[in-house]
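Please open the structure in your viewer and keep the sequence at hand.

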Amino acid sequence: MSGALVHEWLAPRGGSENVFEALNTVFPDAARYCLWNDSEGRFVVDGETWLARTPLRGHKAAAVPLMPLAWRTLPRVDADWVLTSTHLFAHHARFAGSARDAPKLVYAHTPARYIWNPELDLRGDTLAARAAAKMLKGIDRRRAQEPVAIAANSVFVQQRIAQAWHRESTVIHPPVDVTGFTRPPAPDERDDAVLAALPETFLLGFSRFIPYKRLDLVIEAGIAADVPVVLAGSGPDEARLRAIAEERAPGRVFFVAAPGAELYRALLHRCIALVFPAVEDFGIVPVEAMAAGKPVIASAVGGTAETIVDGRTGTFVEHWSRDELRRAVDAAARVSSEACRRQADNFSEAVFAERITSWVADSLDDARTTETRSA
């Protein structure tokens, strides 16, 4: 049976792009479509929407009002099933040709936060965005009734799907390159120079430098436990974080700008623990840390509640107070590296491939059975 894979816009990197890459591996013969492909050669697609040929290409926020229309005017494709990877409106996808009436399945990273949960995404918390949300909620919920089955990337998102779309879904956690983080890192000479300038042990914070990632709490954890901190990444919040570090822990916070893959692995292997305060839909970085044998200090809200085993592969923090953080770092230091690695194996690429393959096959069988009964 031939299929079609659909994704939002494609960027060079990102968690949803990792899922789409895994879907390409599992279904290598499927056609591939997206809003626009700016992946710098990472992906080859069979088609883009007409938005890719307009000045709105790459301007996600400005293009949002037109995305639902773009997804409803896809070209003719002959396919027996359609699988969309969505975190905004890709589940609205409708092709011409035989694919128009083919069963549609949805892998949901989240219903559109702009629309349904602006408190989780500041880009949706503006007058213009709120006005657009009122218009788009109804159509988004109607389009979400079209799929024959929906998979959610976590229980956290499964609950959001039920609230926003009034649909049931199956939880299939996204794939993580577990094997890549179990092997020893291979930093180059430039990476070695960066590592040589860092303390021997430290707490690690790794993410984009944006406010909702709460990297200031990583600094607080270091202060509470009297341990140096390394913040790795880049983004618009860097100046604020540097100011906090200078004021609260002068000389104890080290910044590593946009580390490459091997340097990132090396930082994970050297750190005492990863501190991950952000509330994420799933959270790939904590699983990568566990694959490297390192515990995670995180919130018990969101995807981390599904990946970390409190007391065995990390520690949950509720209030992020100084005493609580001190206890969390002490507890994390006693965690078994092997227990962390075993837990990470539950979220491997192989596990994802097996689960998504079975889910697609079972969903299509159910759709055919339903169609036969109603004929």
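Begin by selecting strand 1, residues 3-7: 5 of its 5 residues are buried, so the strand is largely enclosed by the rest of the structure. Here, buried means under 20% relative accessible area, exposed over 50%, and partly exposed in between, with a 1.4 Å probe and protein chains only. Helices (H or I, at least four residues) and strands (E, at least two) are DSSP runs, numbered from the N terminus.

The model is predicted: local features need pLDDT of at least 70, side-chain atom pairs count only at pLDDT 80 or more, and totals for chains, interfaces and linings use all residues. Residues are numbered from 1 along each chain as its sequence is written, and side-chain values use heavy atoms, leaving out hydrogens and water.

Colour the two faces of strand 1 separately. Gly 3, Leu 5 and His 7 lie on one side, Ala 4 and Val 6 on the other, and all are buried.

Finally, proceed to His 87, in the loop between strand 4 and strand 5 (104-108). His 87 is buried, at 18% relative accessible area. Among the residues that His 87 touches are His 7, Trp 9 and His 109, contact meaning heavy atoms within 4.5 Å.

Key
Lists of a residue's contacts leave out its neighbours within four places in sequence.
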